[in-house]
Amino acid sequence: MGAAKRAGYDGCSTASNHSLDKGFTGVSDTLSVFDDEGVGQSGMARSPEEAANPPIYDANGVSVAHLSYTYGLNGMPMPEPWMANLIDVDRIVADAAAAKARGAEVVLVSMHWGNEYQHEPSPVQLEQAEALLASPDIDAILGDHVHVVQPIDRINGKPVVYGMGNSLSNQMDPVNRRDGVIVYLTIVETAPGVFVTERIAYTPTWVHYPGTIIRPVTPESVPESFQRSTDNLNLLGTFDGPVVYDPVELR
């Protein structure tokens with residue numbers, strides 16, 4: 001126990017197409033494990049009250065809310081509407097405003113979206129990112145689900161990371177499914193109550209097999225993975241970055 005906390009996780013997103021695979025029991029058991037680990041989560045809930053109060057974290061004195069949503073649930077029934085968060089742009093914008101009203105100064109939104117194994121963002125991803133980052137209450141989007149690295153862009157000056165690839169995964173073939181990125185957002189207060197993402201950096205990762213070990217990637221250690229991830233992060237060609245490579249050790 002405690003491995004997630006020791007690895008540096010304060011919280012995580014739990015809204016995914018697998019959120020309700022085991023029904024309410026699965027939701028409850030999963031969230032109880034996070035409670036025991038001391039790790040916050042957003043995306044699933046055991047009650048309406050829990051769903052309405054996603055976590056707000058302290059990051060160097062700044063209050064940061066984390067919201068999480070999924071495109072679907074693999075056809076699984078949802079007995080109660082608060083058990084898992086489905087993507088609905090109007091609802092997400094309202095939730096972000098509610099988080100700001102609860103005291104959050106920065107709101108990050110995790111989106112489980114996109115077409116699996118496709119590096120290019122789908123038209124739906126592009127449309128939803130535009131709509132969400134038009135809100136003054138949403139400061140960044142962090143995407144997952146597609147199992148490969150997708151681009152980073154800025155919309156209205158705010159970052160959208162369309163897809164961070166696979167972190168810990170047993171998807172070993174083809175090799176691009178072993179690629180992932182850890183993204184670092186440097187958010188600064190430029191005026192009282194005004195927060196701006198000043199810097200976007202990334203550390204590429206690679207799932208080493210055998211052993212299923214997550215390793216940071218350098219241009220020398222796994223050059224093919226490094227090049228794929230770097231190319232895909234800049235795939236749209238519209239980012240006003242650049243995205244900065246940060247060759248740090250995993251921490």
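## An exposed loop residue

Asparagine 60 counts as exposed because its relative accessibility is 83%; exposed means over 50% relative accessible area, buried under 20%, and partly exposed in between, with a 1.4 Å probe and protein chains only. This residue sits in the loop between strand 3 and strand 4.

## Basis of the model

The model is predicted: local features need pLDDT of at least 70, side-chain atom pairs count only at pLDDT 80 or more, and totals for chains, interfaces and linings use all residues. Residues are numbered from 1 along each chain as its sequence is written, and side-chain values use heavy atoms, with hydrogens and water left out.

## The whole chain

The protein chain has six helices and twelve strands. Helices (H or I, at least four residues) and strands (E, at least two) are DSSP runs, numbered from the N terminus. For 251 residues, a compact globule would have a radius of gyration near 18 Å, and the chain agrees with its 18 Å. This radius is taken over C-alpha atoms, and the globule rule is 2.2 Å times the number of residues to the power 0.38. Along the principal axes, the C-alpha atoms fill a box of roughly 50 × 45 × 35 Å.

Of the 251 residues, 47% count as buried. The chain exposes about 12000 Å², and carbon and sulfur atoms supply 54% of that area; accessible areas come from the Shrake-Rupley method with a 1.4 Å probe, and for residues only the protein chains shown count as cover. Among contacts with a separation of 6 or more, 63% are between residues 24 or more positions apart, where contact means heavy atoms within 4.5 Å.

Six strands form an open sheet in the order 3-4-5-6-8-7, with mixed pairing. Two strands pair if DSSP finds at least two bridges between them. Strand 3 (56-59) and strand 7 (152-155) are the edge strands, and each pairs on one side only. On average, neighbouring strands of the sheet are turned by 25° against each other, direction ignored. Axes are lines fitted to C-alpha atoms, for helices over the stretch in contact, and angles run from 0 to 180 degrees between N-to-C directions.

Strand 3 and strand 4 (residues 62-70) run antiparallel and are joined by four bridges. Tyrosine 57 has valine 64 in strand 4 as its bridge partner. Helix 4 (residues 89-101) packs on the sheet, touching strand 3, strand 4 and strand 5 (106-112), and its direction makes about 160° with that of strand 4. Alanine 98 lies in helix 4 and is partly exposed, with a relative accessible area of 38%.

## Strand 8 and its neighbours

On one side, strand 8 pairs with strand 6 (residues 140-144) in the parallel sense over two bridges, and leucine 142 stands opposite valine 161. Strand 7 and strand 8 pair in the antiparallel sense over four bridges, with aspartate 153 opposite valine 160. These two strands form a hairpin with two residues between them, and asparagine 156 in the turn has a positive phi of about 55°.

In a regular strand the side chains alternate between the two faces of the sheet. In strand 8 (residues 158-161), Lys158 and Val160 point one way, Pro159 and Val161 point the other way, and all are buried.

## Helix 2

The 15 residues of helix 2 (residues 23-37) should span 21 Å at 1.5 Å a residue, and the end C-alpha atoms are 22 Å apart, which agrees. The expected span is 1.5 Å times one less than the number of residues. Gly26, Val27, Ser28, Leu31, Phe34 and Glu37 are buried in this helix. The buried residues of helix 2 pack against helix 1 (3-6), strand 1 (11-13), strand 2 (40-42) and helix 3 (48-51). Just after the helix, glycine 38 takes a positive phi of about 75°.

Valine 207 is in strand 10 (residues 194-208) and counts as buried at 1% relative accessibility. Aspartate 179 is 28 residues from valine 207 in sequence and 6.9 Å from it in space, C-alpha to C-alpha.

A cis peptide bond joins aspartate 173 and proline 174, with omega about 0°; proline 174 is in the loop between strand 8 and strand 9 (179-191). The bond from tyrosine 209 to proline 210 is cis, with omega near 5°, and proline 210 is in the loop between strand 10 and strand 11 (213-216).
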